[in-house]
2 protein chains.
Amino acid sequence: MGRLETALGHQFGNADLLRQALTHRSHSSPHNERLEFLGDAVLNCVVASLLYRRFGDLREGDLSRQRANLVRQEALAQVAQGLSLGDHLRLGEGELKSGGFRRPSILADALEAIIGAIFLDAGFDAARSVIERLLSSLLEQLDPSDSGKDPKTALQEFLQAQRQPLPQYALLTTRGEAHAQEFEIECAIASLGVRALGIGSSRRAAEQAAAREALRLLSGK
Amino acid sequence: MGRLETALGHQFGNADLLRQALTHRSHSSPHNERLEFLGDAVLNCVVASLLYRRFGDLREGDLSRQRANLVRQEALAQVAQGLSLGDHLRLGEGELKSGGFRRPSILADALEAIIGAIFLDAGFDAARSVIERLLSSLLEQLDPSDSGKDPKTALQEFLQAQRQPLPQYALLTTRGEAHAQEFEIECAIASLGVRALGIGSSRRAAEQAAAREALRLLSGK
């Protein structure tokens, strides 16, 4: 766990907290669900304050959307992968066999639990420092002018503004076992001759990826 | 504003923050919407940590429900009334005439904005102290055994367990002007001969109040 603490930039005074944060309920008790509840709240609060300070002009609704983008499961799972969190998770046998250590929901939940553990271990400011560091590259990529809208919403609004029909989403394939599936979705805008593909760990994530690709294709036209 | 600061138990270093927190968007800019976004996140985080420490046995879902109960609009508006917040609000003329200073949504939003202002003025721990004091009597009333379920859900589960039909809710009257309405709802369980009334500032709040009263009548039988 020393490597993980170095990656997080936080040395735990109480190592039991970190161990609990890494323990999935399929493994043993005490597991990380309560810490996840706490960490989710700390994360939302820290991100709210970072966005508040950074975007002095954004209104409440836009701040909410930016935050939802930053703390969504896919983003957190990516951060968790950057920390190699999967190598440290304590999973039950079933989860282990089905590849739970790379499932986005398990990774994102464990990251939130770690944030909760740091908050209990050393307080709000310690948690804030870690969150700021972990999210720094995501924070830098934020574009206040896109209002933080998710790609499906942005695509729909783009098409409505051009009086085009709404895009059609279709599931092309699913891969992998029940608990670690990958979805491939097509987003088609027939009237504009656009077909875009997206892959994700949920149907919703794949649709968002497809919409993002469609927007990219449309903005290149 | 000195009286309000005394009631809050926080003296502002930057009084502009408090003034902004008390300014409704109908009055002038800068108003309190962004502070409300921030304060809502701080409040959720502080309440999460209070519940986490206090209820060591509750699972994530129950902690979430307890929190939702504590930070719901009606509860916050009640706390705001205890602070006589309505006397300090800066409202536009229309809101003033329609009684905005006692509308639950405006009071609850202003309270959240004040929490955001304290967080900016003096940090997380200062905001936590104020929140702990303001919510102390609500916190004491919490009953972990009721799982924090809202009354409508609790009533429905109670009736299902007894194989009774679901309750019927009916709107009896509305009072007041468009923006400051009061709703009166009847909750009827014909099979058990129960009729309970509830009043609230929204249809939903009145239904919850009626369900709470119905539960009270049923538990007395």
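# Briefing: how chains A and B meet

The contact between the two chains draws on 28 residues from chain B and 28 residues from chain A. Please keep in mind that this is a predicted model.

**The interface between chain B and chain A**

- The size of an interface is often given as the accessible area lost when the parts come together.
- Here about 2600 Å² is buried between chain B and chain A, and carbon and sulfur atoms give 62% of that area.
- On the chain B side, the residues that lose the most area to chain A are Arg34(B), Phe37(B) and Tyr52(B), which together make up 34% of what that side buries.
- The rule finds 8 residue pairs in polar contact across the interface of chain B and chain A, with both residues at pLDDT 80 or more.
- Four helices of chain B each supply at least two residues to the side that touches chain A: H3 (33-54), H4 (60-70), H7 (104-122) and H8 (124-134).
- H3(B) provides the largest share of that side, with 14 residues.
- Sorted by class, the side of chain B that touches chain A holds 14 nonpolar, 5 polar and 9 charged residues.

**Charge pairs between the chains**

- Between chain B and chain A the count is 2 salt bridges.
- Glu33(B) and Arg59(A) meet through their side chains in a salt bridge, at 3.0 Å from N to O.
- Arg25(A), Glu33(A) and Arg59(B) are linked in a network of salt bridges.

- The buried residues in H4(B) are Asp62(B), Leu63(B), Gln66(B), Arg67(B) and Leu70(B).
- These residues lie on the same side of H4(B), because they cover an arc of only 135° around the axis.
- The buried residues of H4(B) pack against helix H3 (33-54) of chain A, and also against H3, helix H5 (73-82) and helix H9 (136-141) of chain B.
- Asn44(B) lies in helix H3 of chain B; with a relative accessible area of 19%, Asn44(B) is buried.
- Leaving aside residues up to four places away in sequence, Asn44(B) touches Ala41(A), Arg67(B) and Val71(B).

**The build of chain A**

- Chain A has 11 helices and 3 strands, and along the sequence they follow the pattern α-α-α-α-α-α-α-α-α-α-β-β-β-α.
- The C-alpha trace of chain A spans about 60 × 45 × 25 Å along its principal axes.
- Of the 221 residues in chain A, 49% are buried.
- Among contacts in chain A with a separation of 6 or more, 57% are between residues 24 or more positions apart.

**Salt bridges within each chain**

- Over all chains, a search of the whole structure finds 26 salt bridges.
- One of them joins the side chains of Asp62(A) and Arg65(A), at 2.7 Å from N to O.
- Both Asp62(A) and Arg65(A) lie in helix H4 (residues 60-70) of chain A, 3 residues apart, about one turn of the helix.
- Asp62(A) is buried at 18% relative accessible area, whereas Arg65(A) is partly exposed at 34%.
- Glu182(A) forms a salt bridge with Arg175(A), with the closest N and O atoms 3.3 Å apart.
- Glu182(A) is partly exposed, with a relative accessible area of 36%, and Arg175(A) counts as partly exposed at 36%.
- In chain B, Arg175(B) forms a salt bridge with Glu184(B), the closest N and O atoms being 3.6 Å apart.
- Glu184(B) is buried at 15% relative accessible area, while Arg175(B) is partly exposed at 36%.

Key. Residues numbered from 1 in each chain as written. Chains lettered and ligands numbered in written order. Predicted model: local features only at pLDDT ≥ 70, side-chain atom pairs only at ≥ 80, totals over all residues. Heavy atoms only, no water. Contact = heavy atoms within 4.5 Å. Buried area = accessible area lost by both parts, 1.4 Å probe. Salt bridge = Lys/Arg side-chain N within 4 Å of Asp/Glu carboxyl O. Polar contact = N/O pair within 3.5 Å; in protein donor to acceptor, adjacent residues only side chain to side chain. Nonpolar A, V, L, I, M, F, W, Y, C, P; charged D, E, K, R; others polar. Buried < 20%, exposed > 50% of the residue type's maximum accessible area, 1.4 Å probe, protein only. Arc of directions from axis to C-beta.
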